[in-house]
Amino acid sequence: MKTTHKIGAARVIYHAVHAGRTLLGRTDQEIVIRDGVTYDLDLSQGIDFAIYLGGMFERSTAVALSKLTEPSSLVLDIGANIGAHTLRLASLVGPNGRVMAFEPTDFAFRKLRRNLDLNPSLASRVQAFHCF
């Protein structure tokens with residue numbers, strides 16, 4: 001499927017979910033747990049919405065990271081965004097591993113910090129850098 005078709009489908013699904021949540025008196029803000037990781041999500045944002053829909057954000061990348069990452073590894077996540085891969089990597093490296101997460105944008109870095117705060121056992125394995 002072409003990216004433009006995926007974006008169009010995601011937009012339609014988002015509008016349906018948003019309408020349903022509005023009818024129930026809910027906003028686009030939601031705290032969810034996916035694969036044992038807690039996220040503070042804004043469903044109007046693409047990555048957040050994919051996580052909300054059951055961890056559908058870059059599944060093939062997540063599978064590859066699972067195969068490539070060993071316990072006690074040092075991993076760099078460059079362009080960490082809200083921490084979708086950062087938190088998964090923190091779980092994979094285990095208590096003796098380290099993840100260095102780099103995110104340049106103020107908006108995403110604040111969300112990364114928030115998601116790390118929601119996962120203290122994983123956050124202790126992550127160094128977050130607001131740079132580039």
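Mentor: A nonpolar core is a set of buried Ala, Val, Leu, Ile, Met, Phe, Trp, Tyr and Cys residues joined through side-chain atoms within 4.5 Å. Keep in mind that this model is predicted.

Trainee: How many residues has the largest nonpolar core, and which have the most contacts inside it?

Mentor: The count is 25 residues. Tyr39 and Leu41 have the most contacts inside this core. Two or more residues come from each of strand E2 (37–42), H2, H4, strand E4 (98–102), helix H5 (106–117) and helix H6 (120–123). H4 gives the largest share, five residues.

Trainee: What makes helix H4 mostly covered?

Mentor: Count its residues. H4 spans 84–93, and seven of its 10 residues are buried. They are Ala84, His85, Thr86, Leu87, Leu89, Ala90 and Val93.

Trainee: What follows H4?

Mentor: Glycine 94 does, and its phi is positive, near 75°.

Trainee: Which residues does tyrosine 39 touch, not counting those up to four places away in sequence?

Mentor: Glu30, Ile31, Val32, Arg34, Ile51, Gly83, Ala84, Leu87, Asn115 and Leu118. Two of these names, Ala84 and Leu87, are also among the buried residues of H4.

Trainee: Why is aspartate 48 called buried?

Mentor: Set the value against the cut-off. Buried means under 20% relative accessible area. Aspartate 48 has 2%, so aspartate 48 is buried.

Trainee: Where does aspartate 48 lie, and what is in contact with aspartate 48 beyond its neighbours within four places in sequence?

Mentor: Aspartate 48 lies in helix H2, residues 46–52. Leaving those neighbours aside, its contacts are Asp40, Leu41, Asp42, Leu43, Ile82 and Lys111.

Notes
Residues are numbered from 1 along each chain as its sequence is written. This is a predicted model: local features need pLDDT of at least 70, side-chain atom pairs count only at pLDDT 80 or more; totals for chains, interfaces and linings use all residues. Side-chain values use heavy atoms; hydrogens and water are left out. Helices (H or I, at least four residues) and strands (E, at least two) are DSSP runs, numbered from the N terminus. Buried means under 20% relative accessible area, exposed over 50%, partly exposed in between (1.4 Å probe, protein chains only). Contact means heavy atoms within 4.5 Å.
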